[in-house]
Amino acid sequence: MAARQSGSDSKGSDSVAEPVKTADGGGGTPAGTSALAFDFGENWDHYSRTVLDEPRLVAAIDSLKGLVGTDRLKDASFCDVGSGSGLFTVAAGKLGVSRALGFDVNPTGVEVARRNLGRFAPDLAERIEFRRGSALDSVFVGSLGRFDVVYAWGSLHHTGSMWPAIETVALLVAPGGTFVLALYNRHWTSPIWTLIKIVYNLSPGFLRKFWDWTLGSLMFLATWAITGSNPLRKERGMEFWVDVTDWLGGYPYEYASADEVRARMNALGFDLLEVRPPRVPTGCNEFILRRRPA
C-alpha cells in the first residue's frame with residue numbers, strides 16, 4: 001500500500017489553514033480540535049518520494065489543461081491555493097503561465113513543493129514560487145495581489161472555516177479572471193463520514209493502517225461498482241491508496257451542494273461557467289467560475 005498514516009489530501013490539495021479549535025463554516029462540520037486535524041504535509045512527502053514521477057506530472061498537466069483550458073493559462077498569472085506537493089503549480093508552469101505562486105500552511109508541504117520544482121522543472125524556478133500561508137489569513141492573502149487564474153482544488157473544505165476561506169481567497173481573482181474551485185459534495189452520508197474521520201484520527205497508528213486496508217478495500221469495490229472503471233486508474237496524477245488515507249483522515253471536513261456554491265459565488269460577484277459533478281457522490285464538484293468585471 002502506498003498510503004500511510006498522517007496522510008494528505010491526495011485528491012490534489014493540502015491543508016491551507018492552521019488547525020483550529022472549532023470548525024463550523026456552514027458545511028456541517030462539528031466542532032474539531034487541533035488534535036483531530038490531519039497532517040497533510042507528511043503524506044505529500046511520502047507521495048512525492050514513492051509515487052510521483054514524470055507520467056503523473058503529465059497526467060496533472062492534461063487534467064489542468066482540460067479543466068482550465070490552455071487559452072486561459074497561456075501567459076496568465078496563476079495561484080495554487082493549498083499547493084501541497086506543488087504538482088499543479090509546476091503543471092501550470094509547464095503550460096506557459098507567466099508566473100505561478102503556490103501557497104500552503106503546512107511547512108513540510110512547502111518544502112516538498114520546492115523540492116519537486118527542482119526535480120521536475122528547474123528551468124521554471126524564476127517563474128514559480130512557493131510560500132507558507134493560510135487561506136484564512138486575510139493580511140497574508142491580501143499581500144499576494146490579483147491573479148488571472150486561481151486554483152483551489154480540494155483544499156478549502158479542509159480549513160475548518162470553508163466559507164470564510166472561500167470569501168478570502170476569492171479576493172485573489174482579478175476582474176474577468178477564472179476561479180477553479182473543487183469542494184466535497186453534500187450527500188446524506190457526509191455526516192457519517194465526518195464521524196469516521198474523527199475516529200480515524202483518534203485511532204493509534206496500527207489501527208489506522210487497518211482502516212486503510214479494510215475501508216479502502218470497500219471503497220475500491222464501491223467505486224468500481226458506481227463508475228464501472230478500475231479505481232487504480234487514477235486521474236490528475238493521483239494514487240488510489242494515497243487517496244484512501246487522505247479521505248479517511250482528511251479533517252476538518254466540510255461540504256456543500258452545487259446549488260449552495262452557485263448561490264454563494266453569485267453573491268461574491270462570480271458567474272458559474274461550468275460545474276462538473278463527482279464520479280462518486282461524496283467526491284468533489286468542480287466549479288469553473290469567472291469574476292465579473294468591476
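Q: Leaving aside neighbours within four places in sequence, which residues is Asn185 in contact with?
A: Contact means heavy atoms within 4.5 Å. On that basis Asn185 is in contact with Ser190, Tyr255, Ala256, Ser257, Ala258, Pro278, Pro281, Thr282, Gly283 and Asn285. This is a predicted model, in which local features need pLDDT of at least 70 and side-chain atom pairs count only at pLDDT 80 or more, while totals for chains, interfaces and linings use all residues. Residues are numbered from 1 along each chain as its sequence is written, and side-chain values use heavy atoms, with hydrogens and water left out.

Q: Where does Asn185 lie, and is Asn185 buried or exposed?
A: Buried means under 20% relative accessible area, exposed over 50%, and partly exposed in between (1.4 Å probe, protein chains only). Asn185 has a relative accessible area of 15% and is therefore buried. Its place is the loop between β5 (173-184) and α8 (190-202). Helices (H or I, at least four residues) and strands (E, at least two) are DSSP runs, numbered from the N terminus.

Q: With which side chain does the side chain of Asn185 make a polar contact?
A: A polar contact is a pair of N or O atoms within 3.5 Å; within protein, one must be able to donate a hydrogen and the other to accept it, and residues adjacent in sequence count only if both atoms are side-chain atoms. Here the partner is the side chain of Asn285, at 2.9 Å.

Q: How many residues of helix α1 are buried?
A: Eight of the eleven residues in α1 (residues 40-50) are buried, so the helix is largely enclosed by the rest of the structure. Among them are Phe40, Trp44 and Tyr47, but also Asp45 and His46. Across the protein chain, buried residues make up 59% of the 294 residues.

Q: Which residues have the most contacts inside the largest nonpolar core?
A: In soluble globular proteins, nonpolar side chains tend to be buried together. A nonpolar core is a set of buried Ala, Val, Leu, Ile, Met, Phe, Trp, Tyr and Cys residues joined through side-chain atoms within 4.5 Å. The largest one has 50 residues, and Leu64, Leu73, Phe78 and Tyr151 have the most contacts inside it. Helix α2 (residues 54-68) gives the most to this core, with six residues. Apart from it lies another core of 29 residues, including Leu101 and Phe140.

Q: At what angle do the axes of α2 and α4 cross?
A: Axes are lines fitted to C-alpha atoms, for helices over the stretch in contact, and angles run from 0 to 180 degrees between N-to-C directions. The axes of α2 and α4 (residues 87-94) come within 9 Å and cross at roughly 70 degrees. That makes α2 roughly perpendicular to α4; angles under 35 degrees count as roughly parallel, over 145 as roughly antiparallel, 65 to 115 as roughly perpendicular and the rest as oblique. The residues in this contact include Leu57 and Ile61 of α2 and Phe88 and Ala91 of α4.
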